[in-house]
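Subject: Structure handover

Hello,

Here is the structure you will be working with. Please open it before you read on.

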Amino acid sequence: MEVSQKAREVWQRVQGEAVPYSLQQLPQMIAEEKQDAATYLYLSHRFGGKEGAMLRRMFEEEQTHVTCLRGIYRMVSGERCSLHTAPAEVDEPSIALRKCYGREMRCLAAYEALSGDKEYGPVFAQLAAEEREHCKNILHLIGKMDLK
């Protein structure tokens, strides 16, 4: 057992707490946010105009979600969370957006559940609000595609 792991376990025993529930969820949430970010960046070049600008903003917000989640992971675990970069969805835009919608809804549910966390609840609440906006934007884009 490495020293940081041992120290973390001792500290948790002293505090009388188990590993925070959010720690187990964070790597998957980070991976999903990274996947969405990569897809939004790819799609921003496919759409152009106002829709492209909206996708670019969503990409930047997803990147912020990734760094915030990495920060929380580091604060909670004392270690870096290392994940490989996910490739962009190169599916037909409507299919890629549908996949993003599913990931956004999963992250939204997780953020809402974690918004009551003593230390990081306000951050999770803010992330949830941004995910709600992303869901709305995705539905807007899919609806506009149906008009073409």
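Below is what was found in it.

This is a predicted model, in which local features need pLDDT of at least 70, side-chain atom pairs count only at pLDDT 80 or more, and totals for chains, interfaces and linings use all residues. Residues are numbered from 1 along each chain as its sequence is written, and side-chain values use heavy atoms, without hydrogens or water.

**Overall**

The protein chain has five helices and zero strands. Helices are DSSP runs of H or I with at least four residues; strands are runs of E with at least two; both are numbered from the N terminus. Of the 148 residues, 41% are buried. Buried means under 20% relative accessible area, exposed means over 50%, and partly exposed is in between (1.4 Å probe, protein chains only). Take the contacts between residues at least 6 apart in sequence: 77% of them join residues at least 24 apart. A contact means heavy atoms within 4.5 Å.

**Helix α4**

Helix α4 covers residues 93-114. Its 22 residues should span 32 Å at 1.5 Å a residue, and its end C-alpha atoms are 31 Å apart, which agrees. The expected span is 1.5 Å times one less than the number of residues. Buried residues in α4 include Leu97, Cys107, Ala110, Tyr111 and Leu114.

**The cores**

A nonpolar core is a set of buried Ala, Val, Leu, Ile, Met, Phe, Trp, Tyr and Cys residues, joined through side-chain atoms within 4.5 Å. The largest has 19 residues. Leu26, Met29, Leu69, Ile72, Tyr111 and Phe124 touch the most other members. Helices α2 (21-47), α3 (49-77), α4 and α5 (121-147) each supply at least two residues of this core. Apart from it lies another core, of 13 residues, among them Met54, Leu97, Ile138 and Leu141.

Which residues does Met29 touch, not counting those up to four places away in sequence? They are Leu69, Cys107, Ala110, Tyr111, Leu114 and Phe124.

Ser77 is in helix α3. Ser77 counts as buried because its relative accessibility is 6%. Its side chain reaches the backbone oxygen of Tyr73 at 2.7 Å. A polar atom of that side chain also lies 3.0 Å from the backbone nitrogen of Glu79.

Pro87 is in the loop between α3 and α4. Pro87 counts as exposed, at 60% relative accessibility. Leaving aside neighbours within four places in sequence, Pro87 is in contact with Gln35 and Ala38. The C-alpha atoms of Pro87 and Ala38 are separated by 6.4 Å, though the two are 49 residues apart along the chain.

Best wishes

How values were computed. Polar contact = N/O pair within 3.5 Å; in protein donor to acceptor, adjacent residues only side chain to side chain.
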